[in-house]
Amino acid sequence: MAKKAKTHAKLKKELDAVFSKYIRWYYADAKGMVKCYTCHVSKPVKEMQNGHFQSRKHTSTRWLHEETIANCKPQCQRCNIWNEGEKWIYGKQLEAEYGVEAVEELVQLSHKSVKYSKADLQYLIDLYKEKLKAIIG
């Protein structure tokens, strides 16, 4: 019996999960503790979330984590959910880290329309699984 192909929605959900885990572990220390990007509280990786400067609804920046600028950073639940991402603080910290021009480019990039095929999504899932494996084994 042939394996049923995953839906586009299921692939996005799987990518969100592996990418979130990757972001939290990427910024974690050797003990598995990670600092919230906006309030700086330090908590275990499992208690943190993947925060987005530009909303997840923008697929062009949803899974963006590059050396030039990162749209995604770890955040505690208070900052990410209850305080709606602390966007102003988040933006100011990105400006300090990457520069005003880079943040403006990120905002512009978020407005570009990008459609991912199932193959694109699967590629990103595999990529971030490999990157995660390199971090946590």
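Is Glu-95 buried, partly exposed or exposed? Glu-95 is partly exposed, with a relative accessible area of 26%; the scale sets buried at under 20% relative accessible area, exposed at over 50% and partly exposed in between, with a 1.4 Å probe and protein chains only.

Colleagues, a word on the basis of these values. This is a predicted model, in which local features need pLDDT of at least 70 and side-chain atom pairs count only at pLDDT 80 or more, while totals for chains, interfaces and linings use all residues. Residues are numbered from 1 along each chain as its sequence is written, and side-chain values use heavy atoms, with hydrogens and water left out.

I turn to the salt bridges. The term denotes a side-chain nitrogen of Lys or Arg within 4 Å of a carboxyl oxygen of Asp or Glu, and the structure holds six of them. Glu-95 takes part in one with Lys-92, where the closest N and O atoms are 3.3 Å apart. Both residues belong to helix 4 and are three residues apart, about one turn of the helix. Lys-92 is partly exposed, at 40% relative accessibility.

Lys-73 is buried, with a relative accessible area of 1%, whereas Glu-97 is partly exposed at 43%.

A further salt bridge joins the side chains of Lys-6 and Glu-14, at 2.7 Å from N to O. Lys-6 is partly exposed at 32% relative accessible area, and Glu-14 is partly exposed at 21%. Together with Lys-129, these two residues are linked in a network of salt bridges.

Finally, the helix packing. Helices (H or I, at least four residues) and strands (E, at least two) are DSSP runs, numbered from the N terminus. Helix 4 (residues 87–98) packs against helix 5 (residues 100–110) at an angle of about 125°, with the axes 7 Å apart. Axes are lines fitted to C-alpha atoms, for helices over the stretch in contact, and angles run from 0 to 180 degrees between N-to-C directions. The two helices are therefore oblique to each other: angles under 35 degrees count as roughly parallel, over 145 as roughly antiparallel, 65 to 115 as roughly perpendicular and the rest as oblique. In the contact (heavy atoms within 4.5 Å), helix 4 contributes Gly-91, Leu-94, Glu-95 and Tyr-98, and helix 5 contributes Val-100, Ala-102, Val-103 and Leu-106.
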